Amino acid sequence: MLRSDFDKQIKECMAKHLEQVNNDKWRSKYHIIPPIGWINDPNGLCEFNGEYHCYYQYSPLTPMGGLKFWGHSISKDLVNWEDKGVALYPDINEDKDGVYSGSAFVKYDTIYFFYTGNVKHAGDHDYILTGREQNVILVTSKDGINFSEKKVVLRNTDFPKDMSLHVRDPKVWEENGIYYMVLGARTIDDKGCILVYKSTDLYNWEFHSVPAGKNEDMGYMWECPDIFKLENKDILMFSPQGMEAEGYKYNNVYQCGYAVGSFEDDKKKFNLGEFVEIDRGFDFYAPQTFEDSKGRRIVIGWMGVPDAIEHRNPTIDNFWQHQLTIPRELVLKNNKIYQIPIAELEALRKGNSFKKEISLNEVAILDIFESNTFELNFNFKECDEFKIELREDCNISFSNGVFKLQLGKSGYGRNMRAVEINNVKSLRVFSDNSSLEVFLNEGEEVFTTRIYNDKIDSKLKLSGSGTVEVEKWAF
């Protein structure tokens with residue numbers, strides 16, 4: 001279909017549903033959200049010519065995640081985002097069934113975008129071994145707005161013969177004058193892995209290695225791989241599908257995490273360390289990182305999980321669904337990644353904060369919320385256990401070495417997620433109209449969830465042992 005035809009359909013859809021979307025009480029205030037319809041994976045994250053760019057999987061014609069485009073938002077400060085509409089359309093034969101996930105690589109005055117062009121053939125196919133194309137496509141831009149013609153740089157025939165037709169989500173980086181591309185993959189015998197390709201010019205790519213997976217018991221498909229360095233150590237972040245739950249671990253339908261490891265033998269092998277979930281909540285998947293001009297490694301994730309049939313998002317009724325997380329800086333401490341909300345988010349704070357030290361030995365009820373958009377900080381002293389109640393039926397607790405996030409009706413099927421942890425010294429909570437992001441111990445663990453309250457609950461209820469200093473800012 002021509003871009004003009006797509007634009008006509010989107011314009012008609014906007015005219016019909018935009019007022020309904022914008023009037024939804026659960027519409028997010030400071031997160032990246034779709035102008036209309038559906039959003040999922042962040043793509044093409046980069047800083048270019050003094051602006052931050054966030055592209056993302058976008059289905060403007062339905063809130064249920066239909067045909068995928070790339071949407072686009074820009075920002076000067078990673079806090080205030082301006083929607084720039086559709087960036088990439090599924091308008092060639094090699095991406096006619098969706099502009100799927102990919103990344104951006106900045107070189108001098110040009111952004112190189114690599115993404116997966118999805119094609120599904122008609123007929124009796126399983127779309128795993130037959131009936132599908134996953135093409136790696138390159139487009140370039142001098143301004144992040146206007147794009148070159150599309151060039152297919154890899155097809156399924158260019159992948160190893162023991163791969164299924166599920167090979168996607170390219171991420172590109174450079175080392176010592178060589179460009180590398182990592183792809184997530186599924187083998188024909190249902191083993192997840194990553195593939196590495198290399199190039200000297202960003203246009204011509206040759207197979208290099210299968211450095212990790214295949215022999216690991218970590219699911220049947222690895223999506224959205226991202227390789228980068230923290231403290232001069234190699235990090236592989238990816239989203240494996242098909243892992244079984246282990247106690248409090250891996251309770252979402254698909255997982256997302258990282259392993260600290262090391263490349264060997266000219267990137268032919270990646271020594272994979274322990275796989276660690278990067279977020280313990282209900283709604284986090286397909287994160288992507290980039291390094292900004294301040295030298296920070298920043299991550300943004302999709303605040304959702306594919307195929308999560310156990311919980312729902314009532315915003316579908318108002319013709320939109322999902323959002324992205326706040327940007328978080330990644331820091332490596334003792335081989336563990338900490339996620340720290342970027343400092344720029346402090347600009348959201350309005351006026352003076354509420355600040356008070358509270359004894360937890362008796363139940364304390366504070367009437368401090370005027371809306372569902374706020375930042376809330378807790379610093380605990382001599383506290384072995386606590387329970388925090390907010391937003392009608394959200395319970396946050398710590399007892400006997402287990403931290404829990406529990407939701408009631410507002411979770412729409414989301415019930416409980418937990419992590420074993422020695423102590424909780426601090427909590428930092430970012431609340432938006434339909435989300436919570438909870439950071440333990442300055443980012444040691446993070447819980448991300450959607451939450452849909454029927455009304456604004458002004459009360460904060462506290463109990464436990466010891467004392468806590470509470471500080472709150474309205475957004």
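## Basis of the model

This is a predicted model: local features need pLDDT of at least 70, side-chain atom pairs count only at pLDDT 80 or more, and totals for chains, interfaces and linings use all residues. Residues are numbered from 1 along each chain as its sequence is written, and side-chain values use heavy atoms, with hydrogens and water left out.

## Overall build

The protein chain has one helix and 34 strands. Helices (H or I, at least four residues) and strands (E, at least two) are DSSP runs, numbered from the N terminus. The radius of gyration is 22 Å, close to the 23 Å of the globule rule for 475 residues, so the chain is as compact as a globular protein of that length. That radius is taken over C-alpha atoms, and the rule is 2.2 Å times the number of residues to the power 0.38. The C-alpha trace spans about 65 × 55 × 45 Å along its principal axes.

Of the 475 residues, 61% count as buried. Buried means under 20% relative accessible area, exposed over 50%, and partly exposed in between (1.4 Å probe, protein chains only).

## Surface and charge

The protein chain exposes about 19200 Å², and carbon and sulfur atoms supply 44% of it. Accessible areas come from the Shrake-Rupley method with a 1.4 Å probe; for residues, only the protein chains shown count as cover.

There are 57 positive and 74 negative side chains. Lys and Arg count as positive and Asp and Glu as negative; His and the chain ends are not counted. The centres of the two sets lie 2 Å apart, with each charge placed at NZ of Lys, CZ of Arg, CG of Asp or CD of Glu.

Strand E31 covers residues 435-440, and six of its six residues are buried. Both faces are covered. Ser435, Glu437 and Phe439 lie on one side, and Leu436, Val438 and Leu440 on the other.

E31 pairs with two strands, where pairing means that DSSP finds at least two bridges. Strand E30 (residues 426-432) pairs with E31 in the antiparallel sense over six bridges. Serine 431 stands opposite leucine 436.

Most residues other than glycine have a negative phi. Lysine 267 has a phi near 65°. This lysine lies in the loop between strand E15 (257-264) and strand E16 (269-271). Lysine 267 is buried, with a relative accessible area of 10%.

Alanine 286 has a positive phi near 50°. Its place is in strand E18 (residues 285-291). Alanine 286 counts as buried, at 2% relative accessibility.

## Methionine 163

Methionine 163 lies in strand E9 (residues 163-175). At 7% relative accessibility, methionine 163 counts as buried. Leaving out residues up to four places away in sequence, methionine 163 touches Ala185, Arg186, Thr187, Ile188, Cys193, Leu195 and Lys214. Isoleucine 326 is 163 residues from methionine 163 in sequence and 35 Å away in space, C-alpha to C-alpha.

Notes. Contact = heavy atoms within 4.5 Å.
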